[in-house]
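Here is a short report on one protein model. Please look at the sequence and the fold together before reading on.

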Amino acid sequence: MNSLTIARPDDWHLHLRDGAMMRAVLPHTAQHFARAIIMPNLVPPVVTGAQAAAYRDRIMAALPDGMAFEPLMTLYLTEDTDPDDVAAAHASGLVRAVKLYPAGATTNSASGVADFDKIRATLERMAQIGLPLCVHGEVTDADVDIFDREAVFIDRVLDPLRRATPGLRVVMEHITTSDAVDYANAQDDSLGATITTHHLVINRNHILAGGIKPHYYCLPVAKREGHRLALRKAATSGDARFFLGTDSAPHTDANKLLPCGCAGCFTAPNTMAILAQVFEDDGALDNLERFTSRNGPAFYGLPVNTDTLTLTKTPTQTPGHIDTDDGPVTVFDPGFPLHWSVT
Ligand SMILES: NC(=O)N[C@@H](CC(=O)O)C(=O)O
Ligand SMILES: [Zn+2]
Ligand SMILES: [Zn+2]
């Protein structure tokens, strides 16, 4: 196959940031994706409906003329979140999901949740109105090994939370383990799971063997090869529970290359070329459209995009970095030449 046309993709987990960084990274997403679930972990976080509306306006103002893109806004769940504000933001069509960060789990998660009893009322309201909860699924306990934090979260937090809130629609974000794949496979269609581009490509050796590679450091951290293969199988299966959330998370090189560097891989520019190759290598090009363009809208109850994206078998050179007014941002290097280009 030398050319592939699919319904235009969406990105169900994206960090656009704000200001100069947003202006630089937004066109890379809008070029390939019609819509994206916009993560609310700004500083300060996007907690209220009013803050989400203002953030959406800033995104639309930063969109270059002639580009079409719809940001699907989220609210950052805190222990002080007002269920009425959440319900109003959902009813107006502004907000498509609420994001749960366990306090301290990842970039800008200090305002996240420590006491899960304090979010009960909001979760119950979300279950009533059908508003999905997107979850960064890692425990934060210092005594749990970082490579085990996702699996432990499923047992200790996610499964009890879902049992306590029947009907709540939940997205396990950026899953990295076979434990998460197995859990998702055992649930009904109230559960979805996003998978990033980079977790289909790298395992923990890529980060640590032969020298430390800060640009491969993200959270949840990439796991053993067996886990990567489980993610590949889930993503390429076509199963409706699994869909693309790139978690494209730009940080300047200055902030990545520190003694204590930031977590995140910037994949917006080359995600579609990488995914075409991943699916081709696994003999699953026929399922690429399900993963990038169909399963996500089905979970979120949105129409599939009517316009299309065409990939052709032409080598692509992804730039090593993009320039922003805050400094350069390195683009994720898959470690193999890319044979597919978006045309
Ligand atoms: N994935 C990451 O490593 N980083 C994300 C936060 C997140 O999605 O956990 C970021 O905002 O930089
Ligand atoms: Zn996260
Ligand atoms: Zn993220």
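This is a predicted model. Start with a residue pair: L311 stands opposite V342 in β13. The pair belongs to strand β10, residues 308-312, which is joined to β13 by two bridges. These two strands run antiparallel.

**The three-stranded sheet**

β10 sits in an open sheet of three strands, ordered β1-β10-β13. The pairing is antiparallel. β1 (3-7) and β13 (341-342) are the edge strands, each with a single partner, so one side of each has no neighbour in the sheet.

**The eight-stranded sheet**

Another open sheet has eight strands. Their order is β2-β3-β4-β5-β6-β7-β8-β9, and the pairing is parallel. Here β2 and β9 (242-244) stand at the edges; each has a single partner strand, so one side of each is left without a neighbour in the sheet. On average, neighbouring strands of this sheet are turned by 30° against each other, direction ignored.

A193 has F242 of β9 as its bridge partner.

| Strand pair | Bridges | Direction |
|---|---|---|
| β10 and β13 | two | antiparallel |

**A helix pair**

How do helices α5 and α6 cross? The axes of α5 (residues 149-164) and α6 (residues 178-185) come within 8 Å and cross at roughly 30°. Angles under 35 degrees count as roughly parallel, and α5 and α6 are therefore roughly parallel to each other. On α5, the contact is made by E150, A151 and I154; on α6, by D179, A180 and Y183. Four of the contact residues are nonpolar, two are charged and none is polar.

**Ligand 1 and the annotated positions**

Which residues lie around ligand 1? They are H15, N41, T106, T107, H136, C218, L219, D247, A249, A263 and G264. This shell divides into six polar residues, four nonpolar and one charged. One of its members, H15, lies in the loop between β2 (11-14) and α1 (19-30).

The unreviewed UniProt entry carries a "binding site" annotation on H13, H15, K99 and D247. These positions span 235 residues in sequence, yet no two of their C-alpha atoms are more than 13.3 Å apart, so they gather at one spot.

Key: Residues numbered from 1 in each chain as written. Chains lettered and ligands numbered in written order. Predicted model: local features only at pLDDT ≥ 70, side-chain atom pairs only at ≥ 80, totals over all residues. Axes fitted to C-alpha atoms, helices over the stretch in contact; angles between N-to-C directions. Helix = DSSP H or I, 4+ residues; strand = E, 2+ residues; numbered from the N terminus. Parallel < 35°, antiparallel > 145°, perpendicular 65-115°, else oblique. Contact = placed C-beta atoms within 7 Å. Nonpolar A, V, L, I, M, F, W, Y, C, P; charged D, E, K, R; others polar. Pairing = 2+ DSSP bridges. Near = placed C-beta within 6 Å. UniProt positions renumbered as here; feature names shortened; annotations may be inferred.
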